[in-house]
Amino acid sequence: MLATGQTTVGYWELPPSGVRLNGAKVEQEDGQMIRAACQGDAAAFGALVSKYQARLCTSLTHVCGSLDDAEDVAQEAFVQAYVKLRSFAGGSAFYTWLYRIAVNAAISKRRRRREQTSVESKREELGLEPLDDGERADERLLREERAAQVQRALSKLSDEHRTILVLREIDDCDYDEIAQILELPVGTVRSRLHRARLQLKEQLDAVLNDRVLGETTKRA
């Protein structure tokens with residue numbers, strides 16, 4: 001038990017096997033670090049941050065639209081996770097729980113920004129993929145252009161549709177994992193993902209049409 005002010009709270013204990021809590025698989029290494037962090041070992045939580053920070057930031061970049069925003073949201077998510085760590089009951093993998101916190105933080109950040117201004121800043125392509133030393137300059141430019149087109153199309157989707165596409169198509173989460181992260185029934189995940197894919201196709205078509213129109217205008 002850990003005391004917080006006048007309130008005494010408990011933290012979850014690893015079972016003898018160290019791999020299952022409430023029927024959900026938790027990595028033994030994660031479980032040990034979480035338990036140590038709940039006992040006051042700040043370095044243990046730092047190890048969790050080191051383990052998941054890059055993965056979380058990469059995923060959030062697609063949700064937020066920029067690396068700077070993704071890093072801000074990831075930092076906020078880790079702070080919230082640290083504060084709430086003793087409430088983690090092991091009903092999901094730690095990263096699933098962390099990602100749920102991060103997604104909610106990202107959506108809140110976007111909503112606050114929309115309240116402050118009605119015009120979104122232009123987003124620059126961040127080059128998330130590692131560079132290939134053998135890649136030709138024209139191949140690199142084409143890859144970056146395609147990535148920018150997808151990012152622009154994603155930015156035009158609603159928060160719920162953009163997030164679910166990132167989880168499925170970029171993070172490669174299965175339907176059950178997405179359902180846990182977004183706290184939705186699996187059936188809702190399937191139907192929302194279908195609508196999100198249709199909307200992304202429409203936005204990509206619009207982005208490509210705008211590009212063709214712009215090139216035609218330049219040549220005229």
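The model is predicted: local features need pLDDT of at least 70, side-chain atom pairs count only at pLDDT 80 or more, and totals for chains, interfaces and linings use all residues. Residues are numbered from 1 along each chain as its sequence is written, and side-chain values use heavy atoms, with hydrogens and water left out.

**Aromatic pairs**
- The structure holds seven aromatic pairs, where rings of Phe, Tyr and Trp (its six-membered ring) pair if their centres lie within 6.5 Å, and planes under 30 degrees apart count as stacked, over 60 as edge-to-face and the rest as tilted.
- One of them joins phenylalanine 88 and tryptophan 97, with ring centres 5.1 Å apart and planes at 45 degrees, so this pair is tilted.
- Phenylalanine 94 and tryptophan 97 also form a tilted pair, because their planes stand at 40 degrees, with centres 5.8 Å apart.
- Tyr52, Phe88, Phe94, Tyr95, Trp97 and Tyr99 make up one aromatic cluster.

**Burial in the cluster**
- Phenylalanine 88 is buried, a term that means under 20% relative accessible area (1.4 Å probe, protein chains only), with exposed over 50% and partly exposed in between.
- Phenylalanine 94 is buried at a relative accessible area of 1%, and tryptophan 97 is buried at 10%.

**Charges over a ring**
- The charged end of arginine 168 sits over the ring of tyrosine 175, 4.8 Å from its centre; the term requires NZ of Lys or CZ of Arg within 6 Å of the ring centre and within 35 degrees of the ring normal.
- The charged end of arginine 190 sits over the ring of tyrosine 175 at 4.1 Å from its centre.

**Tyrosine 82**
- Tyrosine 82 is partly exposed, with a relative accessible area of 40%.
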